[in-house]
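The following note sets out several points on the structure shown below.

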Amino acid sequence: MSTILGIAHGVIDMQTQEQQFLRYSHTIGLSTMEGRGFYYPTDTTVGANGRLYVVSRSLEGDNRGVRVTVTNADSEYFGTFAAWGEGDGQFIWPTAITQDSRERIFVSDEYTHRISVFDTDGTFLTRWGERGDAPGQIDGPSGLAFDRDDNLYVVDHLNNRVQIFTADGTFLSSFGSEGSGDGQLYLPWGITIDAKGEVYVADWRNDRVQRFSPEGSFVASYGTSGQGDGEFHRPADVAVDLDGYVYVADWGNERVQVLDPDGGFVASLRGEATHSKWAEEFLQINVEEADARAKADLEADIEFFEDTPYEESSHIEKLFWAPTSVVLDPEGRLYVTESNRHRLQVYERAV
C-alpha cells in the first residue's frame, strides 16, 4: 500500500476502553525529499515558539531527504534548513533534535559523532563532538535532552552510556555501562527528563525503560521483552507528562505504550492516522491518484505471510510503522514520529 501521503483508512479497529486514555487528533506529514514534508523522519522537538522541528534522515544512499522541516500543530509550513553532508550545518545520519532555553536547536548525528547547533531560523551556529570512548568522546550519539540548567544529556549509543555536557559541549559527567543489570545499558537510544529532573532512557537492546536520578543513579526499570501489555521490543524513545505518565515508542512492536508513574500498564496504541492537510492538498491537485484511491479496496481482508506487528503495519496505512520518537507539547498533546510513513500522528489526553 502507498505510504507517500502519510494517510490511512479504517481497516481494523484497534481501540479498546483502556486506550481511551489518549484520543487521536490528526496527522501531519507528506513523503517528500525536498521542501514541505518529511522523508524517513527520526525525531521531533516542540519549540518555545510553538513550532515543530522535525529532522529527516532519508535512506542510506539517497541523501536528498536529509533536512529539518519546520511546521506546527496546525500543519502550517515555515520552511526547512540543513542538508546532507559533513560540513557546517549538515548531517549524514541525524538521530535526534531538541532545544535549549535560549531556543537554540541541537541535532545529533551518529555518523559524524557530533552535535550541530542552529538558531530558530535554521542558521548554523556551531558544532562539537569527537568520536571515541574516553570521557567526553561520543560513538554514535542518539537521544538528546536538556535539564532545567541547560545541561545536555546525550545518549552515547555505541558506548552504552549517557554523557552530560554544557550546551557548548564541555563534558561534565556520565553514567551507564554495557550490560543488562540495574543501571546498565545496551545500545540505548531515546531519552527524556521529567519535571522533577529525573532521567528516563529507552534501553533499546534490553527491551526496557530505565529511570535515573539527575546525577545518574539508578531508580527504577520498566518493562521486559515481549509483545504483551507493558512489554517492549526495542523501545526507541520515551516521554513523561506533568502527571508522571510515561509514553514509550515501542518501535519493534509498532506501537506506543503508556505506563502510569509506577510503571504499570495503562494503554497501547497501534495508530489511527487519517489524511493530513498536506495530503488533502496533494490529492486535490493529483486527481487521478485521488480517484484511484477512492476506487481501491484499502480495507481488504489480508492474510499475512507472518503474523507480526511489522507485517501488519507494513500493509495497513492507519497503523504506526516504525514509531521512532514521542514528544509532548505544553498542552499535553503527544506527537509520534513515524519514520516509515513520513508523518506525525497527534494524540490528546481523553481523561
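1. In this predicted model, Glu281 and Arg36 form a salt bridge whose closest N and O atoms are 2.7 Å apart. Glu281 belongs to helix H1 (residues 277-285), while Arg36 sits in the loop between strand E1 (22-29) and strand E2 (41-46), so the contact ties together parts that are 245 residues apart in sequence. Glu281 counts as partly exposed because its relative accessibility is 34%. Arg36, at 27%, is likewise classed as partly exposed.

2. A salt bridge also joins the side chains of Asp243 and Arg349, with an N to O distance of 3.5 Å. Here too distant parts of the chain are linked: Asp243 lies in the loop between E20 and strand E21 (246-250), and Arg349 in strand E26 (residues 343-349), 106 residues apart. Arg349 has 26% relative accessibility and counts as partly exposed.

3. Arg270 pairs with Glu312 in a salt bridge, the closest N and O atoms being 2.9 Å apart. Since Arg270 is in the loop between E23 and H1, and Glu312 is in helix H3 (residues 309-315), the pair ties together parts that are 42 residues apart in sequence. Arg270 counts as buried, because its relative accessibility of 8% falls under the 20% cut-off. A search of the whole structure gives 22 salt bridges.

4. Strands E20, E21, E22 and E23 form an open sheet in the order E20-E21-E22-E23, and their pairing is antiparallel. Strand E20 (237-240) and strand E23 (265-269) are at the edges, each pairing on one side only. From one strand to the next, the twist averages 20°. Strand E22 (residues 255-259) is joined to E23 by four bridges, and Gln257 stands opposite Ser268 in E23.

5. Strand E18 (residues 208-212) pairs with strand E19 (residues 218-222) in the antiparallel sense, over four bridges. The bridge partner of Val209 is Tyr222 in E19. Five residues lie between the strands of this hairpin, in which Gly216 takes a positive phi near 105°.

Notes:
Residues numbered from 1 in each chain as written. Predicted model: local features only at pLDDT ≥ 70, side-chain atom pairs only at ≥ 80, totals over all residues. Heavy atoms only, no water. Pairing = 2+ DSSP bridges. Helix = DSSP H or I, 4+ residues; strand = E, 2+ residues; numbered from the N terminus. Axes fitted to C-alpha atoms, helices over the stretch in contact; angles between N-to-C directions. Salt bridge = Lys/Arg side-chain N within 4 Å of Asp/Glu carboxyl O. Buried < 20%, exposed > 50% of the residue type's maximum accessible area, 1.4 Å probe, protein only.
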